[in-house]
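Please examine the sequence and the structure shown below before reading on.

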Amino acid sequence: MKISDETIDRVKSARSIVFFTGAGISAESGIPVFRGKDGLWSKLKPEELANFDALLKNPKMVWEWYEHRKYIMKESKPNSAHLAISEFQNYFPEVTVATQNIDNLHRRAGSKTVYELHGNIERNYCINCHTFYNNDVPFVDGIPKCKCGGLIRPDVVWFGEFLPQDQFNASEKASEDCDVFFIIGTSAVVYPAASLIYTAKAGKAYLIEINIESTEASHIVDESYFGKAGEVLPAILEKIKN
Ligand code: OAD
Ligand code: ZN
């Protein structure tokens, strides 16, 4: 993969870098993406699974799906893209990850500043008393129940729900102020998360997209690299180190 001189110059001279990531960065870790022909949403209905009303109507089905996803994510490991982002911390004073992923792989790769725009699948909470649980949720008849009797849900953002305000605000601030903004493995169609791209564009950032195909964001970025995140990011990092 040829990395342009402009990318190398812009990244090398950056103080602050933001990595905005989506499901595609974890694809090489074996976690399925949402859109596209093999994506989850081509086979499953988000309104039956990733939705609060669905939990109330059919908690067993929703929880079966989340147990399955929790298992896949727990068994998966950070790939060379997550690890390269973590390594950027050795060379730049401010490295921020704003991720739409709930798989915790950025943290497991060693990234320190990680904003989770859509929550984290390793956390759960009671919809009644808001007690938090790790993955040791107490199941009663296939449905996790709190000691107060309330239903427990995964701490992820579902369709129609607000993003965690503190995580989004901090991501916006970092995007406004950064020198380089990477857009990696996201179709850039889910809002408000995708608005960070435009926030960065309105600031001073140089925008670099890494994706296996073109996306909604491709027309506004300064540079697109079409390839796998696990190959392109280490290639860029290698150039920066030299
Ligand atoms: P999508 O499934 O919409 O998009 C994944 C993107 O990753 C696509 O653009 C692929 O081309 C790209 N891709 C796949 N493999 C790749 C690889 N190895 N390297 C680089 N790119 C690759 O996933 P998101 O954009 O993350 O929301 O989806 C956004 C949100 O929609 C998710 O957070 C989730 C979903 O509904 C919630 O659950 C709230
Ligand atoms: Zn409770």
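The structure, a predicted model, holds one cavity of 30 Å³ or more. On a 1 Å grid over the protein atoms alone, a cavity is a set of points where a 1.4 Å probe fits but cannot get out, whereas a pocket is an open set with protein on both sides within 12 Å along at least five of seven lines; lining residues have an atom within 4 Å of a point. Grid points are joined across faces, edges and corners, and a volume is the space filled by probe spheres set on the points. Rolling a probe the size of a water molecule over the atoms shows where empty space is left.

The largest cavity contains about 40 Å³ of space. Its lining consists of Thr99, Asn101, Asn104, Leu105, His106, Arg107, Val114 and Glu116. Two elements, α8 (105–109) and β3 (114–116), each give two or more residues to this lining. The largest share, three residues, belongs to α8. Helices (H or I, at least four residues) and strands (E, at least two) are DSSP runs, numbered from the N terminus. By class, the lining of the largest cavity has two nonpolar, four polar and two charged residues. Here Ala, Val, Leu, Ile, Met, Phe, Trp, Tyr, Cys and Pro count as nonpolar, Asp, Glu, Lys and Arg as charged, and the others, Gly among them, as polar.

What is the volume of the largest pocket? The volume is about 1,200 Å³. The pocket is lined by 50 residues, of which Ala23, Gly24, Val33, Phe34 and Arg35 are the closest to its centre. The elements giving two or more residues to this lining are α2 (24–27), α6 (59–75) and β10 (206–211), and the largest share, four residues, comes from α6. The lining of the pocket divides into 25 nonpolar, 16 polar and nine charged residues.

The next topic is helix packing. Two packed helices are described by the angle between their axes and the distance between the axes. Axes are lines fitted to C-alpha atoms, for helices over the stretch in contact, and angles run from 0 to 180 degrees between N-to-C directions. For helix α1 (residues 5–12) and helix α11 (residues 229–241), the axes come within 10 Å and cross at roughly 65°. That angle makes α1 roughly perpendicular to α11; angles under 35 degrees count as roughly parallel, over 145 as roughly antiparallel, 65 to 115 as roughly perpendicular and the rest as oblique. The crossing of α1 and α11 is right-handed. A crossing is left-handed if the near helix is turned anticlockwise from the far one by less than a right angle, and right-handed if clockwise. In this contact (heavy atoms within 4.5 Å), Thr7, Ile8, Val11 and Lys12 of α1 meet Ile236, Lys239 and Ile240 of α11. These residues comprise four nonpolar, one polar and two charged.

Helix α11 also packs against helix α7 (residues 80–88), with axes that come within 7 Å and cross at roughly 25°. The two helices α7 and α11 are therefore roughly parallel to each other, and their crossing is left-handed. From α7, the residues Ser80, Ala81, Ala84, Ile85, Glu87 and Phe88 take part, and from α11, Ala229, Gly230, Leu233, Pro234, Ile236, Leu237 and Lys241. Nine of the residues in this contact are nonpolar, two polar and two charged.

A further pair is helix α9 (residues 165–177) and α10, whose axes come within 7 Å and cross at roughly 30°. The crossing of α9 and α10 is right-handed. Phe168, Ser171, Glu172, Ser175 and Glu176 of α9 meet Ser195, Leu196, Thr199 and Ala200 of α10.

Two loops hold backbone details. Proline 192 is found in the loop between β9 (180–184) and α10 (195–202), and the peptide bond to proline 192 from tyrosine 191 is cis, with omega near 5°. Histidine 130 is in the loop between β4 (119–126) and β5 (132–133); its phi is near 65°, a positive value in a residue other than glycine.

Residues are numbered from 1 along each chain as its sequence is written, and chains are lettered from A and ligands numbered from 1 in the order in which they are written. In this predicted model local features need pLDDT of at least 70, side-chain atom pairs count only at pLDDT 80 or more, and totals for chains, interfaces and linings use all residues, while side-chain values use heavy atoms, with hydrogens and water left out.
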